[in-house]
Amino acid sequence: MKSLAELKKIREEAANRMNLRAAKDGYRVAVGMATCGITAGARPVLAAFVEKVAKENLDNVIVTQVGCLGECALEPVVEVFDAEGNRTTYAKVHVEDVDKIVEEHLKGGKVVTEKTLEVIKNAK
Amino acid sequence: MLVRAQVLVCGGTGCLSSKSDKIKDAFIENIKALGLDNEIQVIQTGCFGLCERGPIVIVYPDQTFYSHVKVEDVPKICSEHLLKGRIYEPKAYKEATEEELAKIKSFGEVGFYNKQLRIALRNCGMINPFDINEAIGKNAYQALGKCLTEYTPSEVIDIIKKSGLRGRGGGGFPTGLKWELCAKNNADQKYVICNADEGDPGAFMDRSVLEGDPHSVIEAMAIAGYAIGASMGYVYIRAEYPVAVERLQYAIKQAREYGLLGQDIFGSGFNFDIDVRLGAGAFVCGEETALIASIEGERGMPRNKPPFPAEKGLWGKPTIINNVETLANIPVIILNGWEWFSSIGTEKSKGTKVFALGGKIKNTGLVEIPMGTTLREVIYDIGGGCPNGKAFKAVQTGGPSGGCLTAKHLDTPIDYDNLVALGSMMGSGGMIVMDENNCMVDVARFFLDFTVDESCGKCTPCREGTKRMLEILKKITEGKGTLEDLDRLEELAKMIKDSSLCGLGQSAPNPVLSTLANFRDEYVAHVVDKKCPAGVCKPLLTFVITDDCIGCTKCKRNCPADAISGELKGKHYIDPAKCIKCGTCVKGCPKNAIVVQ
């Protein structure tokens, strides 16, 4: 180790890898991953959220998985909780929707109305 | 896919002994079988502190806290939680109190941790101790870099002095002052020694720091080396800590590979290296001059001070000796500043102290609290109080060198000076809680038994005096003591305190003196009434069958000494001459008709 810059580089790389273990108080993205969700394609959606959040360096966002949310016909279901605990439920979320939800909701604070459970349900 | 979840499995000695390494392997195997090995990482960490509930597993990012995990639970946790995202409730942590019983707690909400402030233990249970990158990710070696590039050695000493940090190994000597005394002495070679010879029965904070975060100690030793002008350090650790030794040696190797130990660290021209010396586990080798003798290959015996090690230490060279926990505080003080550190704690005791909570307490484990926290907060709020609804009786702090404090001391803020004023001491931070079923005379005997065993024999007061004290105590617990014995005990105790060569002898009488002061009535009950109120000292107990006896003959059949007589459906009797006081009859009686007097 010959310089502080060298140490800083290692630290930043390691801190990124350990970010999962840091306390977070921002958005919490919960992907429904019961059997119904998994068969409807929730796994690639979860993967897309994890990757996009990491790519955008959204340090304060938790991406996690939860069990069945009861709307099995509308899976994959993704719920976004904000710091105050307000819940937004998205339905029929597919990989191609992830970018938009991250950009508009997690970064912009604006709900992607056309993918919310209410809208999708009424459209049926 | 990127890693989306991390499973942290406790790899401290406590959890390892309940098979946490097999649990770790089971997680790896099951995660692989589910095809999740690309997205979920399994990491073995150091001690999480809540040893009572071990083995402990934490799943991030949700911070789910699983306790008492067994190998057979792992497939369920994997298929439920890791695959389907449902917390596996049977093993999720719930608080011990009634109203909280139903609620599942995540790691951040567990009451045991809420009252704690973890500085020395900051990374224990958070990082993989075998991965220097994780330590660096948590700011390891940044303080060393800062010292080497921004501060002069005397500035470093100044920061430590102003922080108010005092030695955590027992004595409480100001660390900055110790460094300054050594820095002043000119010599061609100086040494830094880390005292990891943790000997108090029941104390295991130093082991946990070395097992969970060895780099914090390595970094601090290098900082100390820079401050006093030493290029060589030794960690003196007992061979009976194999996990800590292995992780420390591995960490030293990694630090050398990264150039954080060795020549010209951070291009500053400063050289420092560390070697490990294994001790054979003698209690007296925690005393600094005995420790030095042991490293030199001599018999581990203390010598007179002065000269202090800061002047003439290892191989006659100026040496500083710091305890593991003391060192673990150093890097954080450098990074956060002395102002931050000195804002925590009481007027003369700054920062935090780690205690190993044990004995009759619900949450056995390691707790780190700000100085000035009261004993009540530690024992009840963090420790959860005595189990099985028993009444709190006393708490023993400072191990064999400390004393017993009672319920009337519970609201005392914990710091070095308060504990000494009450006749106990901080020691290395053992805290053993006792309930109504502990006999204080027996407790004093237990600790004295330990010091008699561990006395090195060099000075007469300690070698002979503690042995005579133990004999008197044994006499009392056997019901052969007299009131004069109590006076003699006290006289001997004071003499040994005043005239012993080292800290071992000087503090050995403390458990006796403090129990004599706080529980004299129990001693009197032993010598005058020939009774042991707590029902511990067997020679003083009599087992009697009351009129509740229904004559079921169970006790008679179970008695290993054939001391019970009586016919079916008739009252039974115990022959005191034959009774060996084993308690088998009491445990087996369906009517609780056998009492101990």
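In the predicted model, strand β1 of chain B, residues 5–10, runs parallel to β2(B) and is joined to that strand by six bridges. Within this pairing, B:Ala5 stands opposite B:Ile40 of β2(B). The two strands belong to an open sheet of four strands in chain B, which are arranged in the order β2-β1-β3-β4 with mixed pairing. The edges of the sheet are formed by β2 (40–45) and β4 (64–66) of chain B, each of which pairs on one side only. On average, and with direction ignored, neighbouring strands of this sheet are turned by 20° against each other.

Strand β3 of chain B, residues 57–60, contains B:Val59. This residue, B:Val59, is classed as buried because 25 other C-beta atoms lie within 10 Å. When residues up to four places away in sequence are left out of account, B:Val59 touches B:Ala5, B:Val7, B:Thr64 and B:His81. The C-alpha atoms of B:Val59 and B:Ile77 are 10.0 Å apart in space, the two residues being 18 residues apart in sequence.

At the level of domains, the assignment for chain B gives domain 1 (5–110), domain 2 (132–342), domain 3 (352–435), domain 4 (440–529) and domain 5 (542–596). The centres of domain 1 and domain 2 of chain B, taken over C-alpha atoms, are separated by 34 Å. Contact between these two domains of chain B involves six residues of domain 1 and six residues of domain 2. On the side of domain 1 of chain B that touches domain 2 of chain B, two residues are nonpolar and four are polar, while no charged residue is present.

Two helices of chain B were examined individually. Helix α11 of chain B, residues 242–257, has 16 residues and reaches 23 Å from its first C-alpha to its last, close to the 22 Å expected at 1.5 Å a residue. Its buried residues are B:Ala244, B:Val245, B:Arg247, B:Leu248, B:Ala251, B:Ile252 and B:Ala255. These buried residues of α11(B) pack against the helices α5 (132–137), α9 (205–212) and α10 (214–228) and against the strands β6 (232–238) and β8 (270–279) of chain B. After α11(B) comes B:Gly259, which has a positive phi near 75°. Helix α17 of chain B, residues 440–454, has 15 residues, and the distance from its first C-alpha to its last is 21 Å, close to the 21 Å expected at 1.5 Å a residue. The buried residues of α17(B) are B:Met440, B:Val441, B:Val443, B:Ala444, B:Arg445, B:Phe447, B:Leu448, B:Phe450 and B:Thr451.

Chain A contains five helices and four strands, which follow the pattern α-β-α-α-β-β-β-α-α when read along the sequence. The C-alpha trace of chain A spans about 65 × 30 × 25 Å along its principal axes, and 40% of the 124 residues in chain A are buried. Of the contacts in chain A between residues at least 6 apart in sequence, 67% join residues at least 24 apart.

Strand β3 of chain A takes part in two of the pairings described here. With strand β1 of chain A, residues 28–32, β3(A) pairs in the antiparallel sense through four bridges, and A:Val29 stands opposite A:Val80 of β3(A). Strands β3 (residues 78–81) and β4 (residues 87–90) of chain A likewise pair in the antiparallel sense over four bridges, with A:Phe81 opposite A:Arg87 of β4(A). Five residues lie between the strands of the hairpin formed by β3(A) and β4(A), in which A:Gly85 takes a positive phi near 95°. The covered face of β3(A) carries A:Val78 and A:Val80, whereas A:Glu79 and A:Phe81 lie on the uncovered face.

The contact between the two chains takes 27 residues from chain A and 29 residues from chain B. On the side of chain A that touches chain B, at least two residues are supplied by each of α1 (4–17), α3 (42–55) and β2 (62–66) of chain A. The largest share of that side, seven residues, comes from α1(A). By class, the side of chain A that touches chain B comprises 18 nonpolar, four polar and five charged residues.

Note on methods: Residues are numbered from 1 along each chain as its sequence is written. Chains are lettered from A and ligands numbered from 1 in the order in which they are written. This is a predicted model: local features need pLDDT of at least 70, side-chain atom pairs count only at pLDDT 80 or more; totals for chains, interfaces and linings use all residues. Domain bounds come from an automatic or database domain assignment. Two residues are in contact if their C-beta atoms, placed from the backbone, lie within 7 Å. Ala, Val, Leu, Ile, Met, Phe, Trp, Tyr, Cys and Pro count as nonpolar, Asp, Glu, Lys and Arg as charged, and the others, Gly among them, as polar. Two strands pair if DSSP finds at least two bridges between them. Axes are lines fitted to C-alpha atoms, for helices over the stretch in contact, and angles run from 0 to 180 degrees between N-to-C directions. The expected span of a helix is 1.5 Å times one less than its number of residues. A residue is buried if 20 or more other C-beta atoms lie within 10 Å of its own, exposed if 12 or fewer, and partly exposed in between; C-beta atoms are placed from the backbone.
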